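I am opening a notebook on this structure. The entries below follow the order in which I looked things up.

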Amino acid sequence: MAITKRDIVTWAELIQLISQMLLAGVAALKDDEPVDFDAVKIALTPEEAVRRLRPEGTAKLEKGE
Amino acid sequence: MSLSFANRRLVFLLLLTSSLLLPGCGDFERNAYRTLKVAKVEYELLQEHAARAYLEGRLTEPQWERFAVAGNRFIAAHTLAADLMKTYQQVRRAGSSEDERARLEARINAALAQLPVLLADLRALLGSFDSGGAAAADESRQSRR
């Protein structure tokens, strides 16, 4: 059972493909790193959102927009 | 020729295995994290839209208060789910039993499942203000003068 040139090419392509998939997988994991459940909490309540936007909103109302 | 067929079969099996294994890395935590992240972004957009509408006089005071109540309810549910996930991480690191983890996973899944429902409620609430709210906001503005 001799190994042909074609077999080598197939294996090389296969290894390349698997490494590309692994890299893509790692990149996808990195995309969400770190998994910090404190950081993902909502910090701004509706009341605070209005307070933060108020000067801008008041200015617009005064301009009659 | 038969070797080539075997190779193809091996390639297929390796691809299948790697495609199953890759998404399997820390699936539960990562999926929960993504769900919470997406829900947060979506909620913050809704909240900002509602707050601007209120400040620009397109929502009445009672409408804004209804939104704020529903919004705080959503934030509470979201925070609960995030806290449960923190507990889950601690439990996993402590090497707790499968049973305990499974119970926690069930609670987390229930908490996460609530989020899209609450978001849909908020969207529907804002939608109801948009359709019937313009006239009410005009009336409210006139009565304030």
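How many helices and how many strands does the secondary structure of chain A come to? I found two helices and zero strands in chain A. The model is a predicted one, so noted before going further.

**Entry 1: confidence**

I looked up the overall scores and found ipTM 0.72 and pTM 0.66. For chain B the average pLDDT is 81, and 72% of the residues score at least 70. I then went through the elements of chain B: helix 3 has the highest mean pLDDT, 96, and helix 1, residues 2–21, has the lowest, 49. Over residues 11–25 of chain B the pLDDT stays under 50. For that stretch the model has eight contacts beyond four places in sequence.

**Entry 2: chain A**

I checked burial in chain A and noted that 6% of its 65 residues count as buried. Then I picked one residue, A:Leu44. I located A:Leu44 in the loop between helix 1 (5–31) and helix 2 (46–63) of chain A. Is A:Leu44 buried or partly exposed? I counted 16 other C-beta atoms within 10 Å of A:Leu44. Because 20 or more would be needed for a buried residue and 12 or fewer for an exposed one, A:Leu44 is partly exposed. Leaving aside neighbours within four places in sequence, I found A:Leu44 in contact with A:Ala49 and with B:Glu44 of chain B.

**Entry 3: chain B in outline**

I turned to chain B, which comes to four helices and zero strands. From the N terminus on, I read its elements as α-α-α-α. Of its 145 residues, 26% count as buried. I also looked at contacts in chain B between residues at least 6 apart in sequence, and 81% of them join residues at least 24 apart.

**Entry 4: the nonpolar core**

Which residues have the most contacts inside the largest nonpolar core? I listed B:Leu36, B:Ala50, B:Tyr54, B:Ala81, B:Met85 and B:Ile108, in a core of 32 residues. Helix 2 (27–55), helix 3 (61–93) and helix 4 (98–144) of chain B each supply at least two residues of this core. Helix 2 of chain B gives the most, with eleven residues.

**Entry 5: helix 2 of chain B**

I compared length and span for helix 2 of chain B. It has 29 residues and reaches 42 Å from its first C-alpha to its last, close to the 42 Å expected at 1.5 Å a residue. After helix 2 of chain B comes B:Gly57, whose phi is positive, near 80°.

In helix 2 of chain B I looked up B:Ala53. Why does B:Ala53 count as buried? I found 20 C-beta neighbours inside 10 Å, so B:Ala53 counts as buried. Beyond residues up to four places away in sequence, B:Ala53 touches B:Arg58 and B:Leu59. I also noted the C-alpha atoms of B:Ala53 and B:Asp130, which are separated by 9.6 Å while the two residues are 77 residues apart along the chain.

**Entry 6: helix 3 of chain B**

I made the same check on helix 3 of chain B. At 1.5 Å a residue its 33 residues should span 48 Å, and the end C-alpha atoms are 47 Å apart, which agrees. I noted that B:Gly95 follows helix 3 of chain B and has a positive phi, near 70°.

Terms used. Residues are numbered from 1 along each chain as its sequence is written. Chains are lettered from A and ligands numbered from 1 in the order in which they are written. This is a predicted model: local features need pLDDT of at least 70, side-chain atom pairs count only at pLDDT 80 or more; totals for chains, interfaces and linings use all residues. A nonpolar core is a set of buried Ala, Val, Leu, Ile, Met, Phe, Trp, Tyr and Cys residues joined through C-beta atoms within 7 Å. The expected span of a helix is 1.5 Å times one less than its number of residues. pLDDT is the predictor's confidence in each residue, from 0 to 100. Two residues are in contact if their C-beta atoms, placed from the backbone, lie within 7 Å.
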